[in-house]
Structures are given as C-alpha cells and as structure tokens.
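Welcome, and take a moment to look over the structure below. The briefing that follows goes through it topic by topic.

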Amino acid sequence: MGCGVTKSNQLQLKPCDRGNISVPAATAMRAALLIQRWYRQYVARLEMRRRCTWNIFQSIEYSGQQDHIKLYNFFGYLMDHFSSANSQRNLVSQMFGESEVFQDAEWERRFCYKDIEVPDVYTGPHLSFPLSISNVTELVHAFKNKQKLHARYVLQLLGKTWTLLRLMPNISHVGTCRHKEITICGDLHGHLEDLLLIFYKNGFPSAETPYVFNGDFVDRGKESIEILLVLFAFLLLYPHNVHLNRGNHEDHIVNLRYGFTKEVLGKYQVHGKMILKLLQKIFSWLPLATVIDQKVLILHGGISDKTDLNVIAKLDRHRFVSALRPLKRKGASAMLKEAALSADGDEEFSAGRRRVQSLSHGTPLRLRQELPRHSVHSESGRTGRSVEEELRERRRLAGLSLSSDSDPAEVLETDADEWKQIVDVLWSDPMSQNGCVPNKVRGGGCYWGPDVTQEVLDRHKLQLLIRSHECKQEGYEFCHNGRVLTIFSASNYYDVGSNRGAYIRLGPDLIPHFKQFQASRSTRELTLRQSVGRTERSALQALRMQLFAHKSALIREFQEYDPQRTGLISVKHWAAAVEKVLRLALPWRVLRSQLVTSSTQDGTLNYHDWVNQLSVIQPNTEIANTSLLETLYKHHSNLESIFRMIDTDHSGLISFEEFRQTWKLLSSHLQTDISDKAISDLAESIDFNKDGSIDINEFMEAFRLVEHSRAEMEVLPSPE
C-alpha cells in the first residue's frame, strides 16, 4: 500500500540494476582502448614529424660542411698548381698565413702579455698564477654573469695552457680507482649554459671528479671563448684529472665559417688577432684520444679500417694545424719563395710535389709528374685562353697519373698516412652496414661499419669506443652491437627543444651511466606538441631559405619535366627535381604539405607561383645583376669564409681590390662567370660611407636571408 514496493517491482528492477552495472564498465573499457589507440597514433605522428625535422637540420648541417671542405680543397688546388706569381695563389697563400713560421721561443715572445695593462675601471675577474680553486670558481661565476675576462689574463691563461699541452702525449691514459667515476662530456659548441648545468649537477672538475671533454668546444654557440677559458683553467688546476680531446672544430679554418673567429674578434677588438693565433697553436697541441683502464677508447669522430693507435701515439700532432689540408713537403716553402723572386714567374721545379689528397680519402691519386708552375694569367695570355679556360685546363691536366722521384715519395707517404689517421679520428661517423667508405655526406673522414669496430677494438684489446661529433635527440646513442657509444652535450643544438644534452659517468666496472638534461627552462615548460612544433617551424624556415637560394636551378629542373612550358608539374616530378638540385636526401613528398600551400584540382603544381611564394626578405641594397645576387645567397657562408680568410689583420674591413679578388676566387671555385663590372657595382653599392673599404659584418648581414613570419606578411592595422 501507499509507496511500498511490491515483490513484482523488485523483480523487475533487478535486471535493470545488472544492466546499469555492466554497460558502463564495457563502455569504459572500449573508451580506454580508443583513447590508447588515439594517443599512440598521436605520439607516432609527433615522432614522425620530429624525425623529419631532425633530418632537415642534419642534412643542411652536413651540406654546409661539405661545401666548406670543397672550397678549402679548391684553395689547396690553387696552392699546388699555380706559381707564386699568380694573384689568386698569392691571395690564398696570404689566407693560409704561410709566411708566419716561427720557432716556439719566438711565439712565446710574440704573445707576451706583460705589456698589456689592466685599467683600474676593469671590474671583471682577476687571475693570479699558479691558479687556485678560488680563481677558477670566480672565473666561472663571472662568465655566468656575462662578464668578460681581460685580454691580459686571456693571453696569460692561453700561454700557460700551450706550455702544458706540449708536455702531454697524443693519447691520454686514465685509470679508475675503486669507487671513483670519470665523467665524459661530448660536444659543447659554445653552449656555456650546458657546461654550467653539467657542473651544477655533477660538480666542478677535481681530483675526486675527473672529466674527459671530447672536443668541439667552439663554434655555433655564442660563448665559445668562455668555454675554452673555463676548461683550460681547470686543466691547469688539475692536469691529471681534466682531459681534453681535439675535435674537428678545433681548427682555425673551420672556425672561419662557423662563428668562433667572429666571436673572438667581436669580444676582443684590440687583441683578438693575437688570441686567435695563439689558439691556433693550442688546438694543434690538443691530445687526439683518451683511453680509460686500457679498455675504453674516447675520441671525437671515429675510426676507419686503417686506424692504428700505435701510429697515432707517435705522430707529431702539432704539425697538423688544420686537418683539412695534408702537410706540405719540406722545402716547398723555400721553393715558392725562390719562384717569387723570378721576374717572369715561369720557373719550373723538378722536385716532386706532394700527393693531392681528398679529405674523405678514398683511394688517393697517384704521384703526379711535376707540371710547369706558370701564372694562370701569364699562361692564359700566352695561349689566348681566358683565365677560367686556363683554370679548367689545369684541372684536366692535374688528373693525369704520372710518376715522381722515389725518395720524396716515401716522405710524402708517411705524412699522408698520418694525416689520414687524424682526419679519421676527427671527422668519421659510424654506419650500420659493414665496411669502410668515404664520408661523402660530410665531405671528410669515412663511414665505418660494425666489422671495422670489432676488428680495431679487438686488435687493441678494447671493449668500448666512446665518440661524439653527431647530435643525438636524446643526447646519446649506442650502435655496433653496443660497442660504439655517441655522446653529445650541447642541448638545443639546432633550435630550442630540438634535442637533449647528456654526459656519461663511468666507474671501475666500465658500465656507462647516462645523465640527460635540457639547459633551457622555457623548453622544459613546453608540451611535447609545442616542442615539436617549434623546432619544425625552425627547420622548415631553414629549408625554405635553401630553396630560395637555388630558385633559378629549381626552375630549370622543373622545366625539364615541363617540355610544353605549361608551368605545371606533378608532385612526383616536383619532389624529384627538388632533390636533384638540393641533394639533401629528404622525404620531399612527405614535406610537400608543409612547403607547398596550393595546387590545382588535378594535383599538379604551378611551380612559378610556388617559387614566388618562398617568402624571404630582400636586401635593401639594389642589385641589377640577379645572377650575382643569387650566387651571393646560395654561397653566403662560403663567401663569408673567404672574406674572413682575406682579412688577415682581422680588422673587419677589406679593400675594393680584396673584395674583387674574393669574388673571382668564388667564381673560379663555382666555375661561373661573374663580370668585373657587376662586382664593382656591388662593391660601390655597399660602401655606405664611401671610404673605399667594405665592412664584412655589415655586408654579410645586409644579404642574410630572413623569412617573413605570417604576422609580418599580414597587413598591419593603422595605429590611428
């Protein structure tokens, strides 16, 4: 009665209750599976985007290294095949600084710091030698607070470092005591923030906390000189507990392109040249490898099937000031000076010339019969050929395989073998396939496989090879069945959020333990999607700049697929043409949606519209010669490298004539024809104060490619 519940109603509610319990549980399970599947797909898409972004950055980086090595090889060719009467050879000789040959005692007198006074207004750190731990910690804190060390202390510190390095062997041997770990750091590349974070997490170098720093301390980052000074200070303080290996960027020729030279000259305008010259000597004296407990080999780049640690241990490492160029045979400089005294510059040398080597050293060219060392200008006038034609003819003749004297050949063979050992140590990379092949991607060293790793390590009774040289997304990576370990300590290398940094702690058991980090606080606060999106935008911007710089070559290649000149090509042909021109080995069809914003209904692409949509800010300077402008964009870094080489007094200024010779060198290297008038017009247009000289930094910044952001391209509202 009333509101009571009958028995029948109770019976009717029971199945309903069972439904209310079972249906939501099944639905929740299905929902969880759907969410899990969606999340896995989401993460997989992000990972694909991240890997694609990584490939873009790495391909552009290696392409730049390859261009730089090709340019330097061309300079080497000029040095070898033209007499000193030739203006181009004189310019290259000036760039290489061949005349500056001093004994160690002369260098010490030349770089004396005692005449440099520290003014009373100087508020930076002061150093007293021998260094104390308080000196070094004061230096670290000063650099953390963006203070600069006075040039007197810089030169004094570098001089002490140079003296110490000359006492060190090519291969440092380190032992782990019981309960003692050694910390191993990879590339730092001017990222002082990463080094300070490592010290914060792991402690300063000391007798209880030994370190191995595996090269590439400089370039790319903005605080390379600070990193060097901190590492050298700790090296002087703990010479038995701090070990520095040379990297491929500890090379004054590489520094010209990748920023270190510019950084030093910007921070030390008065004594910058002296600092750079002393660093050039220091880099050549850095040890090449470190061995821990006779079981773990640490070197910067890698090995090859020719690597022999016994040879590396005995060679004179300081002779290889730059690993980009083999040593010249003794007496060559004297012969060149004798040729310079000749009035007509047409003397021929009967002595054998050194072998011409490739930095990636495939099978080297055989010794060649001595060619007449005529000036290319005088020879072209005699034969009626242009300078460029004469240059091409010299290239053709240089390819002949001819003989030479036997005694000089033996000396050259030894030098070449030692040079190859150093190049492999500094430049090589591992590959998954067996074998050993020239590293044509970087342009130097080799790719070596697991079989080479096993053979070299077993031959020297080693169990692990630790190397750096390659940026890794997680900061480290194993390969070759766990016997090769890559460590990279510069986080945010390509862009903020692009990668983590890492370092290794190695104890007596020789099992590596990894510590990862991210130096940028803003990066740590980003979600995975935000981080990937940010680096992806940066990579695509760099790629669009590459595309813009090659637009004429791209249009010519597109037209090969468009014989009717309709202006339309398929996406397949677009991808093939772009790869043929840029040669970056990228998945262009995957990148199409990011690079191509419009297409026709049938899926074809209007390539003229696409090229015009590559949004890049044009320079303020007007240049009528579009070929010259595009050459400037395409070879911007090569041009800056030549400018830096020519500016031997590091004043930052070059004359009109030096500017003209720079362009002639570049056009000879590229085998393109750029008229003197076009070069003169360009020089006059950028001589802003009309003093007859050109500021290198202003010139390069005026023509640096910068992409428009979408916001900049939109019409801004009126402030009123």
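Strands β5 and β6 (residues 296–298) pair in the antiparallel sense, with three bridges between them. This is a predicted model, so please read every value here as computed from that prediction. Let us begin with these strands and then move on to the wider picture.

**Around strand β5**

- Val-291 has Leu-297 as its bridge partner in β6.
- Three residues lie between the strands of the β5 and β6 hairpin, where Asp-293 takes a positive phi near 50°.
- β5 also pairs with strand β1 (residues 171–174); these two run parallel and are joined by four bridges.
- On that side, His-173 is the residue that stands opposite Val-291 of β5.
- Strands of a sheet can pair in either sense, parallel or antiparallel, through backbone hydrogen bonds.
- What covers the two faces of β5 (residues 289–292), burial or exposure? Both faces are covered, with Ala-289 and Val-291 buried on one side and Thr-290 and Ile-292 buried on the other.
- In a regular strand, side chains alternate between the two faces of the sheet.

**A three-stranded sheet**

- Another sheet is open and has three strands in the order β7-β9-β8, with mixed pairing.
- Its edge strands are β7 (429–430) and β8 (436–438), each of which pairs on one side only.
- Three bridges link β8 to strand β9 (residues 446–448) in the antiparallel sense.
- Val-437 has its bridge partner in β9, namely Tyr-447.

**The protein as a whole**

- The protein contains 28 helices and 18 strands.
- It has 720 residues, and 53% of them count as buried.
- Its accessible surface is about 34,300 Å², and carbon and sulfur atoms make up 51% of that surface.
- Among contacts in the protein with a separation of 6 or more, 74% are between residues 24 or more positions apart.

**The nonpolar cores**

- The largest nonpolar core has 61 residues, and the members that touch the most others are Leu-149, Phe-213 and Leu-279.
- Several elements each supply at least two residues of this core, among them α4 (133–144), α5 (151–165), β3 (211–213), α9 (260–267) and α10 (272–285).
- Its largest share comes from α7, which gives eleven residues.
- Leaving out residues up to four places away in sequence, Leu-149 touches Tyr-122, Pro-125, Leu-127, Leu-139, Phe-143, Val-154, Leu-229 and Tyr-268.
- There is also a second, separate core of 36 residues, including Cys-471, Leu-547, Val-596 and Trp-610.
- In soluble globular proteins, nonpolar side chains tend to be buried together.

- Helix α7 has 14 residues and reaches 20 Å from its first C-alpha to its last, close to the 20 Å expected at 1.5 Å a residue.
- Why is α7 described as largely enclosed by the rest of the structure? The reason is that 13 of its 14 residues are buried.
- Helix α5 has 15 residues that should span 21 Å at 1.5 Å a residue, and this agrees with its end C-alpha atoms, which are 21 Å apart.
- Eleven of the 15 residues of α5 are buried, so α5 too is largely enclosed by the rest of the structure.
- The buried residues of α5 include Tyr-153, Gln-156, Thr-161 and Trp-162.

- Asp-194 belongs to helix α6 (residues 192–202), and it counts as buried because its relative accessibility is 1%.
- The side chain of Asp-194 makes a polar contact of 2.6 Å with the side chain of Ser-491.
- Apart from neighbours within four places in sequence, Asp-194 is in contact with Leu-188, Ser-489, Ala-490, Ser-491, Phe-517 and Ala-519.
- Thr-209 sits in the loop between α6 and β3, and with a relative accessible area of 15% Thr-209 is buried.
- Not counting residues up to four places away in sequence, Thr-209 touches Thr-183, Asn-202, Gly-203 and Phe-204.

Terms used:
Residues are numbered from 1 along each chain as its sequence is written. This is a predicted model: local features need pLDDT of at least 70, side-chain atom pairs count only at pLDDT 80 or more; totals for chains, interfaces and linings use all residues. Side-chain values use heavy atoms; hydrogens and water are left out. Buried means under 20% relative accessible area, exposed over 50%, partly exposed in between (1.4 Å probe, protein chains only). A polar contact is a pair of N or O atoms within 3.5 Å; within protein, one must be able to donate a hydrogen and the other to accept it, and residues adjacent in sequence count only if both atoms are side-chain atoms. Contact means heavy atoms within 4.5 Å. Two strands pair if DSSP finds at least two bridges between them. Accessible areas come from the Shrake-Rupley method with a 1.4 Å probe; for residues, only the protein chains shown count as cover. A nonpolar core is a set of buried Ala, Val, Leu, Ile, Met, Phe, Trp, Tyr and Cys residues joined through side-chain atoms within 4.5 Å. The expected span of a helix is 1.5 Å times one less than its number of residues.
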